[in-house]
Amino acid sequence: MNMKKEPLFVAFSTQKGGVGKTTFTVLAASYLHYLKGYNVAVMDCDYPQHSINAMRKRDTQQVEKDDYYKLMAYNQFKSLGKKAYPIISCNPDEALKSANSFMASTDQEFDILFFDLPGTVHSAGVLQSLANMDHIFTPIIADRLVMESTLSFSLSINELLVNNASLKLKGLHLFWNQVDGREKTDLYGIYEQTIKEFGLPMLRTFIPDTKRFNKELSNERKPVFRSTLFPADKRLVKGTHLEELLIEIANIIQPQGLWQSKQVSQK
Ligand SMILES: Nc1ncnc2c1ncn2[C@@H]1O[C@H](COP(=O)(O)OP(=O)(O)OP(=O)(O)O)[C@@H](O)[C@H]1O
Ligand SMILES: [Mg+2]
């Protein structure tokens, strides 16, 4: 009898390019897998770039050539007692099939599978993959063009999928990314009102615009933020709202062994 646990399927997704899909997929996967005791896998369906796979290659090379990172990796994996999370390259139209055959091919159990999908909702295959997520989280930037594109994407998904009770998808949540400055300006209030009128749920946490999001393993051995082998460094997480975002997400998706914290601010 197969008693394997059913992982949750989660995607950071939107049709708009360059708003943080891949970045948040990696940040969430690494934080939850290396720091919070979950077992995750990543389906890299961003064909043909496969940017997460490429990132893993860079990360691995950097660790292999640098004793400083080598020791860091050695210590981390020794104390974790598990390996780096798997990253599976797949065709966006066959994301589900690939995920299922991957899971059937391993004895490992997973709490969450993250899917990095391309933004082409016009492709039936991608839409089908999105329909089979448990949850979708959509980064949005306060810019008119991004707003228009995101609203049309989110509304289509909402209408087509969320309101169809027979589908797996339970919900789509928007969240602000690349917020300029430490506080949100009035513009956000106006946009939020529109989003609310459309009945689209938004996360409370917003993510500021900061250079840290581009910090990977490097020859300078500086603390690392975005990596497929390590969680974002604690010193860099401060002020990015990453932890708050992930707590809010964990509370929504409710993985088994829910990691909860009271630190979520009620702004
Ligand atoms: N909060 C942030 N502050 C500053 N830079 C950010 C932030 N979020 C993302 N970025 C940067 O924005 C760029 C685009 O991010 P990313 O590649 O994750 O987007 P994407 O949606 O996956 O893009 P694509 O559509 O090309 O797949 C990256 O250089 C990333 O580091
Ligand atoms: Mg991407």
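Mentor: The shell around ligand 1 divides into three nonpolar, ten polar and three charged residues, where Ala, Val, Leu, Ile, Met, Phe, Trp, Tyr, Cys and Pro count as nonpolar, Asp, Glu, Lys and Arg as charged, and the others, Gly among them, as polar. In total 16 residues surround ligand 1, and the closest are G17, K21, T22, T23 and F213; a residue is near a molecule if its C-beta atom, placed from the backbone, lies within 6 Å of it. Keep in mind that this is a predicted model, in which local features need pLDDT of at least 70 and side-chain atom pairs count only at pLDDT 80 or more, while totals for chains, interfaces and linings use all residues. Residues are numbered from 1 along each chain as its sequence is written, and chains are lettered from A and ligands numbered from 1 in the order in which they are written.

Now turn to helix α2, residues 51–65; helices (H or I, at least four residues) and strands (E, at least two) are DSSP runs, numbered from the N terminus. Its 15 residues should span 21 Å at 1.5 Å a residue, and this agrees with the 21 Å between its end C-alpha atoms, the expected span being 1.5 Å times one less than the number of residues. In α2, I52, M55, R56, D59, Q62 and V63 are buried. They cover an arc of only 130° around the axis, which puts them on the same side of α2, the arc being that of the directions from the helix axis to the C-beta atoms. The face of α2 turned away from this buried side carries the exposed residues Q61, E64 and K65. A residue is buried if 20 or more other C-beta atoms, placed from the backbone, lie within 10 Å of its own, exposed if 12 or fewer, and partly exposed in between. The buried residues of α2 pack against α1 (21–34), β2 (40–44), α3 (67–80), β3 (87–89) and β4 (112–116), where contact means C-beta atoms, placed from the backbone, within 7 Å.

The loop between β2 and α2 holds P48 and H50. A cis peptide bond, with omega about 0°, joins Y47 and P48, and H50 has a positive phi of about 45° although it is not a glycine. Most residues other than glycine have a negative phi, and most peptide bonds are trans. H50 counts as partly exposed, with 18 C-beta neighbours inside 10 Å.

Definitions and conventions: Two residues are in contact if their C-beta atoms, placed from the backbone, lie within 7 Å.
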